[in-house]
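Here is a short report on one protein model.

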Amino acid sequence: MTPIAIAHLYHPVRPAYITPMRRFGEPVVPGMNYIDRPGAYAVIRDGRDVLITRQADPTPDFQLPGGGIDPGESPLPALHRECLEETGWKIQVERKLGAFQRYAWLPDYKFWARKVCHIYLARPVRRMGEPTEPGHSALWMSVDAASRLLGNAGDRHFVTRG
């Protein structure tokens, strides 16, 4: 059975008309109770460079800027909020690049999640200051360097296509 088919086995309430979504990363663990956690993330490009964030805790990791969409929040306001918190930059969203899912343990929340990651192409508008999200720092680098450093395969996939 394909990973997409397996994912749908564990989400029987998800409507059948939803198009299967590409999965990156760890396989689905049969019997695991995953909590859906939608998020919005940005490939922020300035010429040939891209802005990524380094999260220091709980384990150092390089990520696309962005994060969880809070209950009642829409993806684009969440994206703007998260990018400002994690990078210190205001952004202009140009278009949606796509979406992917990954299954992971979220140590900050202490639960297993099915992360549904909506990826947008954006450009920097104005630097407002340093990141306000504790443990985050913003780094400009080439797309090639970012594609080697980013901590998950979905981020690496989209950074090379943005």
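## Terms and basis

Ala, Val, Leu, Ile, Met, Phe, Trp, Tyr, Cys and Pro count here as nonpolar; Asp, Glu, Lys and Arg count as charged; the others, Gly among them, count as polar. By these classes, the lining of the largest pocket has 11 nonpolar, 9 polar and 13 charged residues.

The model is predicted: local features need pLDDT of at least 70, side-chain atom pairs count only at pLDDT 80 or more, and totals for chains, interfaces and linings use all residues. Residues are numbered from 1 along each chain as its sequence is written, and side-chain values use heavy atoms, with hydrogens and water left out.

## Overall fold

The protein has 4 helices and 7 strands. Helices (H or I, at least four residues) and strands (E, at least two) are DSSP runs, numbered from the N terminus. Along the sequence the pattern reads α-β-β-β-β-α-β-β-β-α-α.

The protein has 162 residues, and 43% of them are buried. Buried means under 20% relative accessible area, exposed means over 50%, and partly exposed lies in between (1.4 Å probe, protein chains only).

Contact means heavy atoms within 4.5 Å. Among contacts with a separation of 6 or more, 68% join residues 24 or more positions apart.

## Strand pairing

Two strands pair if DSSP finds at least two bridges between them. β5 and β6 run antiparallel and are joined by 16 bridges. Gln 101 has Val 116 in β6 as its bridge partner.

β1 has several partners. With β6 it pairs in the parallel sense over 10 bridges, and Ile 44 stands opposite Ala 122 in β6. With β4 the sense is antiparallel, over 3 bridges; here Tyr 41 stands opposite Gly 66. β1 also pairs with β2 (residues 49-55), antiparallel over 3 bridges. Arg 45 has Val 50 in β2 as its bridge partner. In a regular strand the side chains alternate between the two faces of the sheet.

## Two hairpin turns

The hairpin of β1 and β2 has 2 residues between the strands, and Gly 47 in the turn has a positive phi of about 65 degrees. Gly 47 counts as exposed, at 58% relative accessibility. Its C-alpha atom is separated by 10.0 Å from that of Val 143, 96 residues apart along the chain.

The hairpin of β5 and β6 has 4 residues between the strands. Lys 110 sits in this loop. Lys 110 has a positive phi of about 60 degrees although it is not a glycine. Is Lys 110 buried or exposed? Lys 110 is exposed, with a relative accessible area of 62%.

## The largest pocket

The largest pocket has a volume of about 790 Å³. Of the 33 residues that line it, the closest to its centre are Gln 55, Gln 63, Leu 106, Asp 108 and Lys 115. Two or more lining residues come from each of β1 (35-46), β3 (61-63), β4 (66-68), α2 (75-87), β5 (89-106) and β6 (111-127).

A pocket is an open set of points on a 1 Å grid over the protein atoms alone, where a 1.4 Å probe fits, with protein on both sides within 12 Å along at least five of seven lines; lining residues have an atom within 4 Å of a point. Grid points are joined across faces, edges and corners, and a volume is the space filled by probe spheres set on the points.

His 136 lies in β7 (residues 136-142). It is buried, with a relative accessible area of 12%. Leaving out residues up to four places away in sequence, His 136 touches Thr 53, Arg 54, Gln 55, Gln 63, Glu 86 and Pro 131.

Met 128 lies in the loop between β6 and β7. Met 128 counts as partly exposed, at 45% relative accessibility. With residues up to four places away left out, Met 128 touches Leu 84, Gly 88 and Lys 90. Met 128 and Lys 90 are 38 residues apart in sequence and 6.9 Å apart in space, C-alpha to C-alpha.
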